[in-house]
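Have the model open and follow along.

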Amino acid sequence: ALISLRQLLDHAAANGYGVPAFNVNNMEQIRAIMEAADETNSPVILQSSAGARKYAGSVFLRHLILAALEEWPHIPVCLHLDHGASPGVCVQAIQNGFSSVMMDGSLMEDSSTPSSYEYNVDVTKKVTDMAHACGVSVEGELGVLGSLETATAGKEDGVGAEGKLTREQMLTDPDQAADFVAKTKVDALAIAIGTSHGAYKFSRPPSGEVLAIDRIKEIHARIPDTHLVMHGSSSVPQEWLKTINDYGGEIPETYGVPVTEIQEGIKHGVRKVNIDTDLRLAATGAVRKYIAENPGNFDPRKFLSEATKAMKEVCRSRFLAFGSAGWA
Ligand code: G3H
Ligand code: 13P
Ligand code: NA
Ligand code: ZN
């Protein structure tokens with residue numbers, strides 16, 4: 001059954017667990033997530049980006065997700081728009097049956113220039129006014145994501161060397177988060193606490209804490225009723241990187257967010273954990289391996305089944321690690 005993000009995450013908060021939000025673009029990803037959720041009894045967040053719409057088309061995306069709701073009617077599913085770039089995009093998603101939208105006002109509509117705080121409040125409030133009237137939840141974002149590995153040492157609020165940002169400048173400010181939530185009434189808030197999108201998060205194996213866990217605690221203390229969201233939360237499984245590279249891939253050394261730090265975040269108010277890259281890596285590794293080992297095969301169902309199986313294992317392991325297993 002389709003449920004809103006607010007309903008789903010209120011339950012997660014009441015019971016102290018987090019929910020992975022997987023990006024979906026095609027049938028194989030949706031099957032992998034739903035089968036893993038079914039086997040672990042986990043509620044589900046499926047999210048689609050502008051890139052997903054460009055790839056599959058919004059009509060196909062909608063029907064793929066309707067198919068999932070029909071095949072697994074007993075599983076609570078939130079259908080979420082990932083990184084909506086404008087109020088218009090969010091309205092279209094609502095018309096398309098999404099039960100939750102992200103208005104990412106942390107960036108301008110071109111998705112690359114950081115916006116002003118006033119712009120972010122303005123576009124996000126527009127969306128919550130409309131979405132809440134339709135029973136649809138809203139996620140906002142405050143701060144600009146970035147790996148703390150790139151932060152320069154420097155005074156708390158001084159500008160770092162080479163125009164780079166200091167650690168303090170990279171993190172979401174708790175007072176501003178409280179003001180943002182009071183003004184916009186978002187249900188969930190994506191925060192900058194050291195995560196970044198994509199496979200290239202950390203260049204060295206994690207030693208000690210890689211995220212700003214204390215900052216998560218400070219933000220949660222200020223806005224306890226707003227569900228915190230961690231974008232860029234792929235863990236970049238080293239075994240899949242190895243498989244990709246063993247079978248002809250060329251992916252440089254790189255590391256993701258340790259699952260243990262996500263679990264620490266979940267103890268302090270993180271409820272939605274965005275994952276895309278890990279499923280991409282698992283699918284690529286599985287397809288490369290199958291094709292290399294079966295050079296005579298030309299039936300795509302064979303290698304796509306391997307991709308589904310690999311993605312399903314990643315999903316299963318996140319449902320278990322974040323504690324959502326058993327709650328569907
Ligand atoms: O945050 C971005 C997600 O990983 C979606 O990526 O825009 O390539 O679909 P995409
Ligand atoms: P990853 O690139 O770490 O998987 O993050 C995905 C994400 O945040 C989607 O919004
Ligand atoms: Na999102
Ligand atoms: Zn994201």
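**Around the ligands, then into the barrel**

Ligand 1 sits among Asn23, Ser49, Gly51, Ala52, Asp82, His83, His197 and Asp276 (near means a C-beta atom, placed from the backbone, within 6 Å). This is a predicted model, where local features need pLDDT of at least 70, side-chain atom pairs count only at pLDDT 80 or more, and totals for chains, interfaces and linings use all residues. Residues are numbered from 1 along each chain as its sequence is written, while chains are lettered from A and ligands numbered from 1 in the order in which they are written.

Helix H3 (50-56) and strand E3 (77-84) each give at least two residues to the shell around ligand 1; helices (H or I, at least four residues) and strands (E, at least two) are DSSP runs, numbered from the N terminus. Over at ligand 2, 14 residues form the surroundings, with His231, Ser234, Asn274, Asp276 and Thr277 the closest. E3 turns up here too, and like strand E8 (270-275) and helix H12 (277-293) it supplies at least two residues of the ligand 2 shell.

Now for the strands themselves. E1-E2-E3-E4-E5-E6-E7-E8 make a closed barrel of 8 strands with parallel pairing (to pair, two strands need at least two DSSP bridges). From one strand to the next, the twist averages 25° (axes are lines fitted to C-alpha atoms, for helices over the stretch in contact, and angles run from 0 to 180 degrees between N-to-C directions). Zoom in on strand E2 (residues 44-48): its parallel pairing with E3 spans 5 bridges, and Leu46 stands opposite Leu79 in E3.
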